[in-house]
Amino acid sequence: MFSKILIANRGEIALRVLRACKELGIRTVAVHSTADANAMHVRLADESVCIGPPAARDSYLNIPQLVAACEITGAEAVHPGYGFLSENARFAEIVEAHGVKFIGPSPEHIRIMGDKIEAKRTVKALGIPVVPGSDGGVTNEADAFRVAAEIGYPVLIKASAGGGGRGMKVAQTADDLAEAFATARSESRAAFGDDSVYIEKYLQRPRHIEIQVLGDGMGSAIHLGERDCSLQRRHQKVWEEAPSPALNAEERDRIGGVVAKAIGDLGYAGAGTIEFLYENGEFYFIEMNTRLQVEHPVTEAITGIDLVNEQIRVASGAGLSVRQADVKFNGHAIECRINAENPATFTPSPGRISYYHPPGGLGVRVDSGVYQGYNIPSYYDSLIGKLIVHGRNRVETLMRLRRCLDEFVVDGISTTIPLFRNLVDNQDIANGLYDIHWLERYLATKPDLGEG
Ligand code: ADP
């Protein structure tokens, strides 16, 4: 096992990783920008290194500084968290070239899954169901029209290098196709420096259901069930739950089995998530994330398995601590992403937290790096914490969530808490009847969300 790990991240996820390290008896190194000198992950780590000015490209994305921080402190491994360099194959290669273990899959697997055309081709060959669409990239308009006619409208043009919902355009009919194709290509070129696009059938009312996997890097993998992340705004997840209200045990075992087999065959190491759209009982792969996800705690809640602990074990060569037969699903869990944002407009609301009181009690977990008096910097994303609630069933979990949202006080800034207070009382949510467009439709009705 490692004796010292450097955490190449900030905020709640840096703290999350730090906690797993402490429980394994591993010393921790925090890195931080000058804007984060007083952050919680810096205070709680055994050592810390300032790696640059506030802008992420000069600090959290600064590979030479991170490598230097490893060398100065003697860290044996790096945990990248999510975001920043977590899916950067080059970073994984560079740290390993310096004798430091990257806690994650191989650079090759990161690279394959980071290219969506390549990812789709790879998983399809491994037996995972994919969205009907073009076989690889589409480079000219004539091919776009031919493929779209074959799969049937509406179709979605997607950027191979895409991420964060950018570079995606819908063509409802053939009349829209030429423009959608040109726009997706130019947006992708502008955002990612790459105009490769592909075409997929546009699913009208799917749910977003993803499967958590853990691979041992030696040919076997297990699945930890699904998370339903259908409540999204602008393709960003807002509320996640496990199990999905739409899936039964038989469907879970079937898709979980297919995915675990495929990921084992790939020789994948560590934690990963296979994302699907789910419609009319069918799963359609959309992408794989080769890292820990923001919403991983809902899986931890219902399985009792510490995903970061497993990531570290696999990277150290100790292997997984659990087999598929050991994985038991217990109850229901929901996560709400608490963002420092106006809950109606979603504009960021950085600033000082004048009063802070998180909820507590049975089945309640708050993962957050903030505290009373903390000043939220404006340089990074607006996620300031996650409220994760676990209960014996979905009804109990929703009651507990309502109680927690009533207790939660964050003064001085706006947060998305009022949105969740509305959602928890909504009949569709109570019934589990929502798809990936539900939240946008709901927000269009202009619900009263106050000032946040
Ligand atoms: P990104 O990497 O940009 O997040 P994804 O491929 O994961 O892109 O897709 C993000 C979201 O876009 C999905 O969760 C879903 O809401 C929507 N989406 C993607 N592909 C399709 C499709 N074929 N039909 C309908 N919606 C889709």
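Buried area is the accessible area, taken with a 1.4 Å probe, that two parts lose on being put together, summed over both. The structure is a predicted model, in which local features need pLDDT of at least 70 and side-chain atom pairs count only at pLDDT 80 or more, whereas totals for chains, interfaces and linings use all residues. Residues are numbered from 1 along each chain as its sequence is written, and side-chain values use heavy atoms, with hydrogens and water left out.

The protein chain is divided into domain 1 (4-103), domain 2 (132-201) and domain 3 (207-444), with bounds that come from an automatic or database domain assignment. The centres of domain 1 and domain 3, taken over C-alpha atoms, are separated by 23 Å. To the contact between them, meaning heavy atoms within 4.5 Å, domain 1 brings 34 residues and domain 3 brings 27 residues. Of the area that domain 1 buries against domain 3, 27% is supplied by Glu12, Arg16 and Tyr82, more than by any other three residues.

The ligand lies between domain 2 and domain 3, because both give residues to the shell around it. This shell holds 21 residues, of which Lys116, Gly165, Lys201, Leu203 and Glu287 are the closest; a residue is counted as near if one of its heavy atoms lies within 4 Å. Strand 6 (155-159), strand 8 (197-201), strand 12 (269-279) and strand 13 (282-289) each supply at least two residues of the shell, where strands are DSSP runs (E, at least two residues) and helices are runs of H or I with at least four residues, numbered from the N terminus. By class, the shell residues divide into eight nonpolar, seven polar and six charged, with Asp, Glu, Lys and Arg counted as charged and Gly among the polar ones.

Some backbone details remain. A cis peptide bond, with omega of about -5 degrees, joins tyrosine 153 and proline 154, and proline 154 is placed in the loop between helix 7 (141-151) and strand 6.
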